[in-house]
Amino acid sequence: MNSILLMTLKRLSLGVITLFVVSLIIFSAVEILPGDLAQEVLGQTATPETIAAFRHELGLDKPAISRYVSWLTNMIQGDFGHSLANGRAISDLLSDRFSNTLFVAAYAAIIAVPLALTLGILAALYRNSWFDRIANITTLSSISFPEFFVAYILILFLSVNNSFFPSLANISDSMPLSEQLYRTILPAITLTLVVVVHMMRMTRASIINVLASPYVEMARMKGMSPARVIVFHALPNALAPIINVIALNLAYLVVGVVVVEVVFVYPGLGQLLVDSVSKRDITVVQAASLIFAGTFILLNLIADILSILSNPRLLNPR
């Protein structure tokens, strides 16, 4: 238990260091953007005095290092500042949009994880059969296309040609859960088709690898059915890489949802990020990017911990 706790503290420390480096990259990337932020916000008709006053109000006249330290300190204290576009508190904008992003990511995960595990187990059970080949061809085909292409294909067939689902995923807190699920089913299906192949193939490969173990051969010699051997003997010992790839894909569902949100005009954090970039709302861009980075790092940390808990031998890889 002490070894697991020590490993967790090490991973957490690395996560904090990584987040610090990411924050530095985000701030630097915003700094090197072409153009003058004050000029973009105030417009071409603004006088030099107005621009100078606005730059002083935003602290843009201070050195970059001073502004970075101030920005990072406020972030650590939970003060994200205010939007340049509408003056609203960024924390309010992020809380609403991030909860929507987590909603569609969880919706896709509820569909994708059981589907991937089921397909992976069946593909391992019927290895090299027609089912295995069809499952591999179908999933590889779905991941070979970019998210926006898959999204537009779904919109064409399930919304335009056949009015099964809405093409725009507009939701609000006042809607009942059933209505929210109905309106966001196309984004959820798009994300499912993108991530299910990784989890399915890892499940298949891990189970097939474990099937060559002596204890599995012994279980077969005892007369156990192939399904029972896989589910009760092979799968528990193949969980470490499966959990790892599931956690990584969950991280992708949260962080990589930007394109899907833009296609379906979904009011999530990714859509807010894209809108803020187009409006040169730098404070929101920095905050949203840092939230995405922190979420990805946290889910990677959880993936490492769960992998080791499922297989403690990973603590001593030698």
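A residue is called buried when its relative accessible area is under 20%, exposed when that area is over 50%, and partly exposed in between. By this cut-off Thr295, with a relative accessible area of 13%, is buried. The model is a predicted one, and the values below are computed from it.

**The chain as a whole**

The protein chain has 15 helices and 0 strands, and its C-alpha trace spans about 85 × 55 × 35 Å along the principal axes. Of the 318 residues in the chain, 42% are buried. The chain exposes about 17,200 Å², and carbon and sulfur atoms supply 66% of that area.

Thr295 lies in helix H15, which covers residues 282-310, and, when residues up to four places away in sequence are not counted, Thr295 touches Phe98 and Val254. Gln286 is found in helix H15 as well, and Gln286 is buried, with a relative accessible area of 7%. Leaving aside the neighbours within four places in sequence, Gln286 is in contact with Ile26, Phe27, Val30, Trp71 and Met75.

Arg11 belongs to helix H1, residues 2-31, and its relative accessibility of 31% makes it partly exposed. Beyond the residues up to four places away in sequence, Arg11 touches Leu301, Asp304 and Ile308. Arg11 and Phe54 are 43 residues apart in sequence, while their C-alpha atoms lie 42 Å apart in space.

Helix H14 (residues 269-279) has Leu269, Gly270, Gln271, Leu272, Leu273 and Ser276 as its buried residues. Just after H14 comes Arg280, which takes a positive phi of about 60°.

**Salt bridges**

Side chains of opposite charge can pair when their charged atoms come close. How many salt bridges does a search of the whole structure find? The search finds 2 salt bridges, which are set out in the table.

| Salt bridge | N to O distance |
|---|---|
| Arg204 and Asp132 | 2.8 Å |
| Glu179 and Arg183 | 2.8 Å |

In the pair formed by Arg204 and Asp132, Arg204 lies in helix H9 (residues 185-210) and Asp132 in helix H6, so the pair ties together parts that are 72 residues apart in sequence. Both Arg204 and Asp132 are buried.

Glu179 and Arg183 are instead 4 residues apart in helix H8 (residues 177-183), which means that about one helical turn separates them. An α-helix has 3.6 residues a turn, so residues three or four places apart point the same way. Glu179 is partly exposed, at 27% relative accessibility, and Arg183 is also partly exposed, with a relative accessible area of 25%.

**The loop between H7 and H8**

Asn170 sits in the loop between H7 and H8, and its relative accessibility of 36% counts as partly exposed. Apart from residues up to four places away in sequence, Asn170 touches Met175, Arg183 and Val265. Asn170 and Thr203 are 33 residues apart in sequence, with 35 Å between their C-alpha atoms.

**A nonpolar patch on the surface**

Which residues form the nonpolar patch on the surface? The patch is made of Phe145, Phe148, Phe149, Tyr152, Ile153, Leu156, Phe157, Val160 and Val259, and together these residues have about 810 Å² of accessible area. Helix H7, which covers residues 147-160, gives the most to this patch, with 7 residues. Phe145, another member of the patch, has its place in the loop between helix H6 (130-144) and H7. At 41% relative accessibility, Phe145 counts as partly exposed.

Notes:
Residues numbered from 1 in each chain as written. Predicted model: local features only at pLDDT ≥ 70, side-chain atom pairs only at ≥ 80, totals over all residues. Heavy atoms only, no water. Patch = residues over 30% accessible without salt bridge, like charges linked within 9 Å, V, L, I, M, F, W, Y side chains within 5 Å. Areas by Shrake-Rupley, 256 points an atom, 1.4 Å probe, with all protein chains shown as cover. Salt bridge = Lys/Arg side-chain N within 4 Å of Asp/Glu carboxyl O. Helix = DSSP H or I, 4+ residues; strand = E, 2+ residues; numbered from the N terminus. Buried < 20%, exposed > 50% of the residue type's maximum accessible area, 1.4 Å probe, protein only. Contact = heavy atoms within 4.5 Å.
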